[in-house]
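Trainee: I have a model open and would like to learn how to read its contacts. Please take me through the features one by one.

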Amino acid sequence: MTENTNTPEMPKKEIKKKPKKPKIPRQPMPEQDPQVRAHNFKEVPFGYSIETAMLEASRCIMCKKPKCVDGCPVEINIPGFLKAIRDGEFDDAIKILKSDNALPAICGRVCPQEEQCEIKCVVGIKDEPVAIGRLERFIADWEREHREIAIPEIPEWTGRKVAIVGSGPAGLTVAGELAKLGHKVTIYEALHKPGGVLMYGIPEFRLPKAIVEAEVDYVKKLGVEVVYNAIIGKYLTIDELKDEMGFHAIFIGTGAGLPYFMNIPGEDLVGIYSANEYLTRANLMKAYDFPNYDTPIARSKNVAVIGGGNVAMDAARTALRLGAENVYLAYRRSQQEMPARNEEIHHAEQEGIQFNLLTNPIRFDGDDKGFVKSMTCIKMELGEPDASGRRRPVPMEGSEFELAVDTVVVSIGNGANPVLTEATPGLETNKWGNILADDDTCETSIKGVYAGGDIVIGAATVILAMGAGKRAARAMHEQMMSMELEEVMK
Amino acid sequence: MNEILEKRVLSEGVKDIIVSSPVIARKRKAGQFIILRVHERGERIPLTIVGSDPEAGTLRLIFQEVGKSTMQLGELEVGDSILDIAGPLGKPTHIENFGRVLCVGGGIGVAPVLPIAAAMKEAGNEVISIIGARNKELLILEDDMKAVSDRLIVTTDDGSYGKHGFVTDAISMLVEEGLTFEQSVSIGPVIMMKFTSALAKKNNIPMMVSLNSIMVDGTGMCGGCRVSVDGKSEFVCVDGPEFDGWLVDFDQLMKRQAAYLEQERRSSEEYHRCKLDAQVENLEKQS
Ligand SMILES: Cc1cc2nc3c(=O)[nH]c(=O)nc-3n(C[C@H](O)[C@H](O)[C@H](O)COP(=O)(O)OP(=O)(O)OC[C@H]3O[C@@H](n4cnc5c(N)ncnc54)[C@H](O)[C@@H]3O)c2cc1C
Ligand SMILES: Cc1cc2nc3c(=O)[nH]c(=O)nc-3n(C[C@H](O)[C@H](O)[C@H](O)COP(=O)(O)OP(=O)(O)OC[C@H]3O[C@@H](n4cnc5c(N)ncnc54)[C@H](O)[C@@H]3O)c2cc1C
Ligand code: SF4
Ligand code: SF4
Ligand code: FES
């Protein structure tokens, strides 16, 4: 940063400090060629080399009052770990990173950095911001590849037992934090694999499952037990966990696992999937490797994906990798309004996803066997801003057109899955079924029962789920430690 | 966990197993099901919980080998374990003392009817049951059904045993006898449920059907199991599996069940070939 940067955010002190010359450009991350990667499930970017990482880290001017940290929901000491990378002190870097974020290899890949830490980076005012996410990914990968993952010393058992429902990022974070404090932690997971959306939703080419497994392994090594195939509300209830099984605190991190459909004619035709189903078949069940894996999935020529978020991009890019010739993305607003990360939109475009913007499906038609064969859409134009501040799309009369498709993936969002809440009397929810929890402590309407992540705030991000997990863990720890041990051991 | 403790063959390709699963055995109610996975690369398949022994901590499952996954399950022997069992899933059957209840099961569908008939009987209903199969060899659970029914009618399509005809013929016969039913349940191939439901509606008999749509998670997360009931899309795994037979769109269900026919055929053919290859290899080794 140079003297002539007189933005109000710039703290004076920093200007005095002799800055590094920011002449080094933001380092690109090498990635698979779009034409090649559109046909395989391997991860798209290769990650930084050691040299590139050190060079990129040297672009950070090590602000005394780092703005980037304000942008990170878990407040990672960003200049701290960047400095360590710059200096080649990788072991220190990972230690700093992990003290605030237990899942760095994941966040470095899927965090919307451009809207969080990086958007605040002061280098970004004149130049491109420091690639914080890529460096986070780099150092986490370096540790996994070069080090026996260090397990912190676990204090003696506190006598307290914690149950966690759901092994998504929220649940894993609470588990890790509380295990490190000496509590006995058991996670109950509905599926046969841990990780939540990290495992069943986000595709292999964006987040390799081996990485998710390694991060979960770390949590297990902290002494956390995971019980799979345990759907709380059906298998056991919250009341049973609390009253009969003697857990002193419970955390609910069940995510936003209820797919929304559009409720338009023909939506139940064969070949019309929710993104959850399409991605679960492909990722969790590895249907892309059928028949080596037993779960089938449609392999079609013409696929339409409806929606404009990360989930839609993931579904569209998955369809391409399953061999589709044409993948159309139908989104009812314009590209500016797309909630997906820029990087994902960019990757999707590069790979050849055909964007049909300002386009809304109104009907599906099928063949005599009940398979979808076409989608009728209407063109939209942007009207007045709506409650979300985005301009409301309005249909243009007479603009209907038909598209030949043999698979449709509906990815217009997810709501709260009611299986647990319906089976838990006294647990208050809002009108959308999200659990009501205190902003600071994450405690719900039931004492000793906490909740966080997508089940509370609606479909959001990995790092927000982890942030909630950290707040919940802190409150749960305090609450449990304030209990008399006798009460605890009863 | 999930160890197979007993195994019987009920008819060609139909197996009856007792599996250790203590929590589910304690929790389950009539009408509920589990989802299992046989091996690490396996798919998740739903099976009705036919019965349970809460004290012994065991479940009874009865399944027909129709494709690769059920065949692989059928190969597990006593002492082997099922990799994953998740449940109990779905809403339990609405059981009360209705008065006189008709229970209809066709083919493998007799297995899911059995726990419902038993629960209806226990709730004080007069239970009249009809079970049907293509022929005598394929008929299952006759004794079990007899034990929980006040009256049991058996039909076979070819007349090789019991009454010659379809289960619908037996329903008509009962109606002609002048019997009325306050509730009924019908489970079997979709086509059978379609016809029994139409007949029940004609005779003003309320009828529940248990739908076997294709499932993945079984927790309401994917929507793959959806069916149209009274024009509304419902998720079979969480809103069902039982629905009002008068209102179900059976034609659509049949189409949705056929979604992966091609691939399933490929998968089981390949599986057969592998098994044959292995046998040949074994024979070659031995000789
Ligand atoms: C396809 C897709 C792509 C995404 N891409 C990104 C991205 O790039 N960046 C980003 O930051 N975020 C992304 N997100 C959002 C992000 O994944 C979620 O916000 C985050 O995973 C929420 O974490 P969670 O712990 O609250 O819930 P989840 O990850 O949903 O985990 C919930 C877990 O609870 C289990 N569960 C549910 N009910 C029960 C029950 N009754 N009993 C026991 N277990 C239960 C579920 O099986 C699941 O394992 C994406 C989401 C999807 C679907
Ligand atoms: C709630 C529920 C309860 C069930 N209970 C029983 C039971 O007690 N005993 C039993 O034998 N079967 C039961 N089924 C059906 C059983 O799940 C399927 O037979 C099994 O999944 C087939 O798997 P496969 O790989 O062996 O055959 P596949 O090769 O996958 O399929 C062979 C044939 O079965 C059909 N099929 C595939 N998947 C399913 C599915 N999930 N449900 C229904 N049909 C399917 C296909 O259309 C195809 O015609 C139940 C299904 C549901 C939804
Ligand atoms: S966790 Fe996310 S927001 Fe925080 S520093 Fe890392 S990439 Fe940025
Ligand atoms: S990353 Fe940017 S904002 Fe953060 S310390 Fe470095 S230069 Fe400052
Ligand atoms: S099986 Fe996925 S929602 Fe029913």
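Mentor: Let's begin with the polar contact, a pair of N or O atoms within 3.5 Å; within protein, one must be able to donate a hydrogen and the other to accept it, and residues adjacent in sequence count only if both atoms are side-chain atoms. A case here is ligand 2, where a nitrogen atom is 3.2 Å from a polar backbone atom of B:Asn212.

Trainee: Before we go on, what should I know about the model and its labels?

Mentor: This is a predicted model, where local features need pLDDT of at least 70 and side-chain atom pairs count only at pLDDT 80 or more, while totals for chains, interfaces and linings use all residues. Residues are numbered from 1 along each chain as its sequence is written, chains are lettered from A and ligands numbered from 1 in the order in which they are written, and side-chain values use heavy atoms, with hydrogens and water left out.

Trainee: Back to ligand 2, then: how far is the backbone N or O atom of B:Gln257 from an oxygen atom of the ligand?

Mentor: That distance is 2.6 Å.

Trainee: Which residues come nearest to ligand 2?

Mentor: A residue is near a molecule or strand if one of its heavy atoms lies within 4 Å of it. Ligand 2 has 23 residues around it, and B:Pro46, B:Ile62, B:Gln64, B:Thr70 and B:Gln257 come nearest. Look for the secondary structure as well: S4(B) brings the largest share of this shell, four residues. Helices (H or I, at least four residues) and strands (E, at least two) are DSSP runs, numbered from the N terminus.

Trainee: And how do the residues of that shell divide by class?

Mentor: Twelve are nonpolar, eight polar and three charged. In this scheme Ala, Val, Leu, Ile, Met, Phe, Trp, Tyr, Cys and Pro count as nonpolar, Asp, Glu, Lys and Arg as charged, and the others, Gly among them, as polar. Now try ligand 4: its shell has eleven nonpolar residues, no polar and no charged ones, with A:Cys60, A:Cys63, A:Cys68 and A:Cys121 among them. Around ligand 3 there are 13 residues, and those that come nearest include A:Cys72, A:Cys111 and A:Cys117.

Trainee: On to the interface. How many residues of each chain are in contact?

Mentor: Contact means heavy atoms within 4.5 Å. By that rule, 47 residues of chain B touch 42 of chain A. The area buried between the chains is about 3700 Å², 53% of it from carbon and sulfur atoms; buried area is the accessible area (1.4 Å probe) that two parts lose on being put together, summed over both.

Trainee: How many salt bridges cross the interface of chain B and chain A?

Mentor: Side chains of opposite charge can pair when their charged atoms come close. The rule (a side-chain nitrogen of Lys or Arg within 4 Å of a carboxyl oxygen of Asp or Glu) finds four across this interface. One to look at is A:Asp294 with B:Lys68, whose closest N and O atoms are 2.7 Å apart. S7(B) gives the most to chain B's side, with six residues.
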